[in-house]
Amino acid sequence: MVSLSRMRTEAREARRSHPDPQGAARSVSKAVAALGWLDGVERVSATVADDGELDPAPLVTACWLRDIGVYFPVMRDPDPIGFAPAGPDTPFAPNRYEIPEPDVDAGLLVSARALDLVFAPVVVFDAAGNRAGRGRGYYDRALSFLLNGPRPAKPRVVGLAYECQLVDAVPSHPGDVAMDAVVTEERVRVFTSARSRRARL
């Protein structure tokens, strides 16, 4: 059985070698909009692409054009990540992992509970809706409230990835938060059950 570490390494190499990353990013953005997932939404979270990740930038721009608030993760150890609002002119500064995050007052941060839609970064994912990120557990801790009882309608957790990041099975643990859907440049997968709880997409 392939280890998760090896899965991550191979997926990172594959996504860095994608032949058309800009085209893939546009395809994912169009797919999300066409499905109506941005309709009636007020707050979404997205990330700044790093290490070959599928770039959410076209999707972020689509949200701004719809006057949807876009929030980016901000590291605040040992607490779960917070999410800071940002617009086209908001300054960003690198965090300790050299990933840009909004350089705004800490009082503007919100928790994941305040979001309608979370566009989660993915290193690997499987056909059951399980994802693995970089292994630090930031998103799982921020979204852990989704594991307490019936899964609420918000926030919806949608992974953004390349098709080459699909693996047979991602090893999962009780504290892992499954995705409601994942969108790649080739297809959309909506999971009827996220961690055996209702997914309302």
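## Nonpolar cores

In this predicted model, the largest nonpolar core has 24 residues. Ile81, Phe83, Tyr139, Leu143 and Met179 have the most contacts inside it. Strand 6 (117-121) and helix 4 (138-142) each supply at least two residues of this core. Helix 4 gives the most, with three residues. Another core lies apart from it, with 23 residues, including Leu38, Leu54, Phe72 and Leu117.

A nonpolar core is a set of buried Ala, Val, Leu, Ile, Met, Phe, Trp, Tyr and Cys residues joined through side-chain atoms within 4.5 Å. Buried means under 20% relative accessible area (1.4 Å probe, protein chains only).

## Contacts of Phe83

Beyond its neighbours within four places in sequence, Phe83 is in contact (heavy atoms within 4.5 Å) with residues including Tyr71, Phe72, Leu108, Val110, Leu115 and Tyr139.

## Overall fold

The protein chain has four helices and 13 strands. These are DSSP runs: H or I of at least four residues for helices, E of at least two for strands, numbered from the N terminus. Of its 201 residues, 47% count as buried. Among contacts between residues at least 6 apart in sequence, 68% join residues at least 24 apart.

The C-alpha atoms fill a box of roughly 45 × 40 × 35 Å along the principal axes.

## Basis

Residues are numbered from 1 along each chain as its sequence is written. Local features need pLDDT of at least 70, side-chain atom pairs count only at pLDDT 80 or more, totals for chains, interfaces and linings use all residues, and side-chain values use heavy atoms, without hydrogens and water.

Conventions
Buried < 20%, exposed > 50% of the residue type's maximum accessible area, 1.4 Å probe, protein only.
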